[in-house]
Amino acid sequence: MTMVNLQYYAQLREQAGIGGEQVATAATTLGQLYEELCARHDFSLAADVLKVAVNAQFCGWDHPLRDGDTIVFIPPVAGG
Amino acid sequence: MHFQLASEAVDTARLRDALQHPGSGGFCAFEGWVRNSNEGREVDGLDYEAYAELAQSEGERIVAEAIARYGVTDACCVHRTGALKVGDLAVWVGASAAHRDEAFRACRYIIDEIKHRLPIWKKEHYLSGDAEWVACTHVHREHEHEHEMHHHAHPPAAPFTPDYSRQLRLREVGEAGQAKLAASRVLVIGAGGLGCPVISYLAGAGVGTLGIVDGDRLEASNLHRQTMYDAADVGELKVTLAARRVAALNPSVKVRTWVAPLQAEQAVEVFGEFDLVVECTDDMRSRYSSSDAAVISGTPLVLASVYQYEGQLQVVEARPGMPCLRCLWPHEPAPEAVGSCALSGVLGPAPGTLGAMQAMEALKLLLDLPRPRDAALVLVNLLDHSTTRLPIDATQGCALHGGCVSVARQALAKARQEAEIDLAFGNLEGALAAGFQLVDLRDAEEIAAEPLGVEAWRQIPSTQIVERANELGAGPLLLVCASGRRSAHAARLLRAEGWQHVHSLAGGVRALRVMG
């Protein structure tokens, strides 16, 4: 299991009901992790409309997970 | 009927009698007469020519505004058309009210607005024998100054000279920086929650020319976050209000306004006339179109958007090797995915904060102040005070697809093909008469809150339109939603699936409300 710190923005924060959480996951890539989270929080957004960053760097969905990573999921927003 | 155009002499006694009400304790009338000179030339007489239909509806609107604004019992206005001689009555305004003050002010409001807004032209006949059509220009509108008058018994007589001493004192600004600002031209797209602080700060800083683009009229629900406007402004065009606000804040700033969103190709052209663009709309499509126009025209762009208690900020420098919006998010997401202030809610200071940050970025670019040289997406969370700066790797964006300019040109070409998707109708009866089948894409709650007024052929929520496309006929179809965004997106999706005759109601149900 890998321990990672997650931060949610915008719609994801609202749907999860929390701004962030620490999870232990069996997922090995960001893509697998997001699938797991979708099932848990009922996220409505598909991965391909999101950006994801690990330790303050944008990454692709095939990026591997490491213990202690801080992972940020960012949806596009349009309000003004 | 509160407003009339009259081709014959006006019976003022009858007009006055009609305004007598038991509850009125004061009556005030204004008469405009034809005088014997204008701008030094002797006038013999004149002709008034009106665009009758428009003058009639605009005149009615003006008198109704005055009645609502000042709470007068009744008011009326008559404007002459045709040939008039010196001394003839050209316009008559009357207002009766419980007290004299409202009657005076309503009367003044009506005549000022009539002179400013009514499509009436006058042709003056001079004693020298020639004649000239005279346009109505530079009308002083007393009600615009009511607020000042209430606070200062004696309005300042001397012309205003801006005092930039507080920013001149900054070593990085100084006289040279101030001169840069005075010579700079900034286009602000959207005069809403983000646009209000941007416009206010840039006008205050002395940016020489401000362009303002907004097609919306002010709604009461805007006031909690759009701090340039007053309750009395509801219903007016935001660009008009914003231009008025800039003139009041810093008369030395030149303002140019656009009352409709810039279309794709026009955007490239207009961007080229500015040194910097600040994108402040709540519309994802506008953001993409602005990013495309910025990279094609080489004009730096400051983007921001907000969601509830947080926001995102990105500066597109529009130079080779620097990323654009499409480098991050290559394709415009569906409107349902991105949320909006109307659907998701927002606290006023959220766009206020992000708008202030946009103004800061704009000034940093114009003044060439110290700033990070690498591009980033900045996330601001106002609940927990966290700010996250995520560097954008330009080599992983549009560079993989031919570069930002090439990608933007392709998007522009696609936008051109899709331009005919949006159709404007004054009412839905017109769309039905034109043979369209209406498909209402709003959810049940929205439909209950604001019914279409005519029978929709189908109700299919926008999120289900593609999977339920088999329920649609060959058309022609007109898709309808609240703002025209979801319907335009759905129409593009259906066209990509092979539907030829599918269109979107431009501006959505909201536009019908404004036009109707």
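## Getting started

A nonpolar core is a set of buried Ala, Val, Leu, Ile, Met, Phe, Trp, Tyr and Cys residues joined through C-beta atoms within 7 Å. Buried means that 20 or more other C-beta atoms, placed from the backbone, lie within 10 Å of a residue's own.

This is a predicted model, in which local features need pLDDT of at least 70, side-chain atom pairs count only at pLDDT 80 or more, and totals for chains, interfaces and linings use all residues. Residues are numbered from 1 along each chain as its sequence is written, while chains are lettered from A and ligands numbered from 1 in the order in which they are written.

## The cores

Let's look inside: the largest nonpolar core has 100 residues, and Val186(B), Val188(B), Ile199(B), Leu202(B), Leu210(B) and Ala362(B) touch the most other members. Helix H14 (residues 349–367) of chain B gives the largest share, nine residues. Helices here are DSSP runs of H or I, at least four residues, numbered from the N terminus.

A second, separate core holds 29 residues, including Phe3(B), Trp92(B), Ala103(B) and Ile110(B).

## Two helices side by side

Two packed helices are described by the angle between their axes and the distance between the axes. Helix H7 (residues 195–205) of chain B packs with H14(B) at about 35°, their axes 7 Å apart. These axes are lines fitted to C-alpha atoms over the stretch in contact, and angles run from 0 to 180 degrees between N-to-C directions.

Residues in contact have C-beta atoms, placed from the backbone, within 7 Å. Among those making the contact are Leu202(B) of H7(B) and Ala362(B) of H14(B).

Notes. A residue is buried if 20 or more other C-beta atoms lie within 10 Å of its own, exposed if 12 or fewer, and partly exposed in between; C-beta atoms are placed from the backbone. Helices (H or I, at least four residues) and strands (E, at least two) are DSSP runs, numbered from the N terminus. Two residues are in contact if their C-beta atoms, placed from the backbone, lie within 7 Å.
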